[in-house]
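Subject: Structure handover

Hello,

Here is the structure I promised you. Please open it and keep it beside this email while you read.

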Amino acid sequence: MSTPFDPEMSFDDYDEMKDPRPETNGFDAVVEAAISRRGFLGGVLAFGSGAMAMGATGLMPGRAEAMVASRFAFTPIPTSTANTVNVPEGYTWQVLAKWGQPMFSGVADVDVETGGTAAAQEKAFGDNTDGMEVFSLGHRQILAVNNEYIQSKVLLANREDGMPADAEDAAKIKAAHGVSVAEIVEEEGQWRIVLDSPFNRRITMETPMEITGPAAGSDLMKTAADPTGTRVLGTWNNCGSGRTPWGTFLTCEENFNGYFGSSDAALARTPAWERYGVNLESRYGLEHFDPRFDLAKEPNEPNRHGYVVEFDPLDPESTPKKRTALGRFKHENAEVVVNGDGRIVVYMGDDERGEFLYKFVSEGVYTVGGDTEGLLDAGTLYAAQFSDDMTGRWLPLTPETTGMAPEEICVHTRMAASAAGATTMDRPEWVAAHPHRAELYCALTNNKNRGLKPNAGGDATPVGGPNPREANKFGQIVRWRPEGGDHAAEGFTWDLYMMAGNPEVFEDDRAGSPNVTAGNMFNSPDGMRFDSRGFLWIQTDGDYSNEGDFAGQGNNQMLVGDPATGEIARFLTGPLKCEVTGLAWSADRRTAFVGIQHPGADDEGAFPDGPGTLPRSCIIAVKREDGGVIG
Ligand code: FEO
Ligand code: CA
Ligand code: CA
């Protein structure tokens, strides 16, 4: 079998290679773009206090001088192009867990020549770590970590093209995906996984799950293996995460579409497949080994993936549940807040060029110790509409607003949001809720199609509002405040917290917002979390070439933002090629766990183990040398 793609191509570029967008937006979009550019210049950073609110673009003098005194307990570090992790002086890091590391005794560690066996992978830490959460039970701490996708040429080190050649390879691919749940412990200053802990669990592409919510049991969900439309095997491309106040983990299925292919090359693609990027050829060729992934045999199987999945990480026997009420799209994370009236609100991005930002508002009310089983199954899904006057509305996705049945809204959510008139966004990644006030932040990572091409549904992507730059290469962070501090309200106001850019290369809006300087610049904000103090940690998944438009930006990194002052400071730089993604804290907040996804190798060897090893995604534990709180 030949490799149908460059294994290092991003999911976004892969999908667009398969589904090229038309070359132009409509004339109306161009006119609208010109208008909204002016609106943007007057409004950026409207929420910012003091100096940060003054400037509008990189053309303003005093970019660096505008910064007020830092509230951070570290000296920011420079960019790096080295194949290692760097943290500020006074901080240390160690590897906690890495791909292929056994979670149970009697399991072999990764074999460099082959990438290991499927049987070992089923009992070992998964690949490509992403969103994670730490849960406590008494003095014990349990880490739940997403394993988003795979490094196919590393995992299948036995196959030159990185594609499965037999059922064993396919099984290994399935076992490396999903979620790893592991008890962790700190002993003599070092964190490690507790081998054979009763909490240790691997959730993979084969783990039995339930389908719940309005789409459960509908004809859209039925397959030969599951005529009830209520049971499904597995989860994959688990990107960002979330946690509920009742202690469950939310794992979010992102680029689920790329795992399906067709044995019938003439099969006609449905409009829904086209909208979701379901193609006749898959990324990893699983359809050749498992009919479930063959669209010609199971056309409904894709409808059963692309959800937020909830499970109890403290109960290894619990059955994960796909919560269809939260919609089906390329879920990034699921940021859960308890509204003032007790309803649960979940904010979610759909990470694709020109797709939408969503929220779910539960029908029921959360009470501590009460029944939480149905809270994420009944409620209303909304998509965001932003206006250039710095206000916005949440558009309810209902049969009345979309012309679609409730189960169709849950399964074909993108089409529902298009019908309602939501705003096409620059790839919404993580949403983070401020811990002290009703204020939300979403990383809009980048969008090379902004102002140039419509989304996959044909919706125009005009320049304007929170997406103010054509062919947006650097990304920005939009924030909004719900009307009256009520997360269930339909109205909100918004501004841009920051626009990433390169002030060393550009003097126009590509220089970024005034709180971006030569000393803290980066591109492509992605992972975001607030710590308990109200600092916003920002992780990047961007261009690490350190050349051209991105000169001086180095490897992917993690920064900290202070929304009170606008200050942003670089805290960590990752190794070559990696994406820094996933952040959680130990129960005492003296350790930050940070995900290093798909690191690379150079002449001096692979990260993290050096010469003669394979590069391995890993979780690192970062601490202060003085034992102080870190988040
Ligand atoms: Fe898996 Fe949108 O990042
Ligand atoms: Ca991400
Ligand atoms: Ca990303």
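First, a term: the domain bounds used here come from an automatic or database domain assignment. On that basis, the protein chain is divided into domain 1 (95–206) and domain 2 (207–427 + 447–455). Their C-alpha centres lie 25 Å apart. The contact between them takes 36 residues from domain 1 and 36 residues from domain 2. Please remember throughout that this is a predicted model.

**Calcium ions**

Start with the calcium ion (ligand 2).

Now look at the calcium ion (ligand 3). E429 (OE), D526 (OD) and D541 (OD) coordinate it at 2.3 Å. Here the donor spacing reads E-x96-D-x14-D. How far apart are the calcium ion (ligand 3) and the calcium ion (ligand 2)? The distance is 3.9 Å, and E429 coordinates both.

Are E429 and D526 buried or exposed? Both are buried. The cut-off is under 20% relative accessible area. E429 has 1% relative accessibility, so E429 counts as buried. D526 has 2%, so D526 counts as buried too.

**D226**

Next, find D226 in the loop between strand 7 (208–212) and strand 8 (231–233). D226 has 5% relative accessibility and therefore counts as buried. Its side chain reaches the backbone nitrogen of T230 at 2.9 Å. Leaving aside residues up to four places away in sequence, D226 touches M221, R231 and R304.

**Helix 5**

Then move to helix 5 (residues 167–176). How many of its 10 residues are buried? Seven are, and the helix is mostly covered. The buried residues are D169, A170, K172, I173, K174, A175 and A176. Their cover includes helix 3 (118–121), strand 3 (140–147) and helix 4 (152–155). It also includes strand 4 (178–187) and strand 6 (201–203).

Check both ends of helix 5 as well. At the start, a side-chain oxygen of D166 reaches to within 3.2 Å of the backbone nitrogen of E168. After the helix comes G178, whose phi is positive, near 110°.

**An open sheet**

Last, a sheet. Strands of a sheet pair through backbone hydrogen bonds, either parallel or antiparallel. Which kind of pairing is found here? It is antiparallel: four strands form an open sheet in the order 1-30-27-26. The edge strands are strand 1 (91–98) and strand 26 (579–585), and each pairs on one side only. On average, neighbouring strands of this sheet are turned by 25° against each other, direction ignored.

Look at one pair in that sheet. Strand 26 and strand 27 (residues 591–597) run antiparallel, joined by five bridges. L583 stands opposite V594 in strand 27.

Best wishes

Terms used
Residues are numbered from 1 along each chain as its sequence is written. Chains are lettered from A and ligands numbered from 1 in the order in which they are written. This is a predicted model: local features need pLDDT of at least 70, side-chain atom pairs count only at pLDDT 80 or more; totals for chains, interfaces and linings use all residues. Side-chain values use heavy atoms; hydrogens and water are left out. Buried means under 20% relative accessible area, exposed over 50%, partly exposed in between (1.4 Å probe, protein chains only). Helices (H or I, at least four residues) and strands (E, at least two) are DSSP runs, numbered from the N terminus. A polar contact is a pair of N or O atoms within 3.5 Å; within protein, one must be able to donate a hydrogen and the other to accept it, and residues adjacent in sequence count only if both atoms are side-chain atoms. Contact means heavy atoms within 4.5 Å. Donors are N, O and S atoms within 2.8 Å of the metal (3.2 Å for Na, K and Ca); water is not among the atoms, so sites may look incomplete. Two strands pair if DSSP finds at least two bridges between them. Axes are lines fitted to C-alpha atoms, for helices over the stretch in contact, and angles run from 0 to 180 degrees between N-to-C directions.
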